[in-house]
Structure formats: C-alpha cells, structure tokens
Amino acid sequence: VQLQASGGGLVQAGGSLILSCAASGTFVSIYDMGWYRQALGKERELVASISGDGRINYVDSGKGRFTISRENAKNTVYLQMQSLKPEDTAVYYCDANVRVRWGRDPGHYWGEGTLVTVSS
C-alpha cells in the first residue's frame with residue numbers, strides 16, 4: 001500500500017491550500033483516513049480524520065478553517081485549508097487504516113508528507 005500526498009507549498013497568511021492523498025496498491029478496504037502534521041521541533045499531531053462512512057473528527061486548531069473529505073472511488077482523502085496561519089506551517093502526513101486482504105487485520109499506512117509553509 002502506498003499513500004501519495006500532494007498539494008503543499010508556500011502560501012501567505014490568510015490563504016488557502018488543498019492537500020490530497022491517494023492510496024494505491026493491493027488492498028480490499030480502507031477504513032479511517034486522516035491528516036496529521038508535524039511542525040519543526042514538535043510531535044506529530046492529528047489534524048482531522050474521516051471514517052469510511054464519513055464520520056469526521058477535527059482537532060481544535062483546525063475547526064472552522066479545515067475541511068476533510070474523501071472520495072472512496074478514488075481512494076483519496078482531501079484536506080481543504082483556509083485562513084491559514086503561520087502556526088499551520090508543518091509537514092502534513094496522510095494516514096490510512098487499510099485491510100490488505102480478508103482475514104488479516106487492517107494496519108496503518110503513512111504517506112511521505114507534504115510541506116506547508118505559511119508566511120506572515
């Protein structure tokens with residue numbers, strides 16, 4: 001299973017970005033998908049997650065500004081980020097809980113990360 005994230009870049013404060021992450025490879029089902037971020041010198045933290053049936057969880061830092069969605073037919077999760085702040089600067093990682101075959105427990109897979117830099 002491979003997760004390929006894209007959409008990061010440099011944006012001014014108040015701007016917007018859309019991150020996407022597509023899962024590829026051999027698997028039978030994707031359950032929860034999510035976005036995490038890790039700022040320099042800090043631990044990785046959850047930004048938002050979405051279950052296979054669309055239940056969504058946001059952490060406080062992104063509520064009202066970030067929107068997570070997924071397109072199951074494309075095995076893709078998105079993170080729309082608006083009103084970006086310098087403190088949103090981080091490497092953003094996507095995560096997916098994937099069952100590679102029936103009879104085997106699902107496991108978590110990570111993308112390589114995409115850098116988001118918000119200038120003041």
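Arg-65 is buried in this predicted model, with a relative accessible area of 10%, and the cut-off for "buried" is under 20%. You'll find Arg-65 in the loop between strand S6 (56–58) and S7.

So what does the side chain of Arg-65 pair up with through polar atoms? One of its polar atoms lies 2.8 Å from the backbone oxygen of Ser-61. There is also a polar contact of 2.7 Å between the side chains of Arg-65 and Asp-88. Leaving out residues up to four places away in sequence, Arg-65 touches Gln-80, Met-81, Gln-82, Ser-83, Leu-84, Lys-85 and Asp-88.

Gln-80 is found in strand S8. Is Gln-80 buried or partly exposed? Its relative accessible area is 34%, so Gln-80 counts as partly exposed. Again leaving out residues up to four places away in sequence, Gln-80 touches Leu-17, Ile-18, Arg-65, Phe-66 and Thr-67. Phe-66 sits 14 residues from Gln-80 along the chain, yet their C-alpha atoms are separated by 5.5 Å.

Here are the accessibility values for some residues in this story, side by side:

| Residue | Relative accessible area | Class |
|---|---|---|
| Arg-65 | 10% | buried |
| Gln-80 | 34% | partly exposed |
| Cys-21 | 1% | buried |
| Cys-94 | 0% | buried |

Now for the sheet that S8 belongs to. In which order do its 4 strands line up? The order is S1-S3-S8-S7, in an open sheet with antiparallel pairing. S1 and S7 are the edge strands, each pairing on one side only. From one strand to the next, the twist averages 15 degrees. As a bit of background, strands of a sheet pair through backbone hydrogen bonds, either parallel or antiparallel.

Look at S8 with its two partners. S7 and S8 run antiparallel and are joined by 6 bridges, while S3 and S8 pair in the antiparallel sense over 6 bridges. Leu-79 is a handy landmark in S8: Leu-79 is the bridge partner of Ile-68, and also the bridge partner of Leu-19. S7 and S8 form a hairpin with 4 residues between them, and Asn-75 in that turn has a positive phi of about 50 degrees.

Leu-79 turns up again in the largest nonpolar core, which has 27 residues. Which residues touch the most other members there? They are Trp-35, Leu-79, Met-81 and Tyr-92. Strands giving two or more residues to this core include S1 (2–6), S3 (17–24), S7 (66–71) and S8 (76–81), along with S4 (29–38) and S9 (90–99). S9 gives the most, with 5 residues.

Last stop: the disulfide, and the count here is 1. Cys-21 is joined to Cys-94, with a sulfur-to-sulfur distance of 2.0 Å. The link of Cys-21 and Cys-94 is right-handed, with 50 degrees about the S-S bond. Why does this pair tie together parts that are 73 residues apart in sequence? Because Cys-21 lies in strand S3 and Cys-94 lies in strand S9. Cys-21 counts as buried at 1% relative accessibility, and Cys-94 is buried at 0%.

Methods. Residues are numbered from 1 along each chain as its sequence is written. This is a predicted model: local features need pLDDT of at least 70, side-chain atom pairs count only at pLDDT 80 or more; totals for chains, interfaces and linings use all residues. Side-chain values use heavy atoms; hydrogens and water are left out. A nonpolar core is a set of buried Ala, Val, Leu, Ile, Met, Phe, Trp, Tyr and Cys residues joined through side-chain atoms within 4.5 Å. Buried means under 20% relative accessible area, exposed over 50%, partly exposed in between (1.4 Å probe, protein chains only). A disulfide is a pair of cysteine sulfur atoms within 2.5 Å. Two strands pair if DSSP finds at least two bridges between them. Axes are lines fitted to C-alpha atoms, for helices over the stretch in contact, and angles run from 0 to 180 degrees between N-to-C directions. A polar contact is a pair of N or O atoms within 3.5 Å; within protein, one must be able to donate a hydrogen and the other to accept it, and residues adjacent in sequence count only if both atoms are side-chain atoms. Contact means heavy atoms within 4.5 Å.
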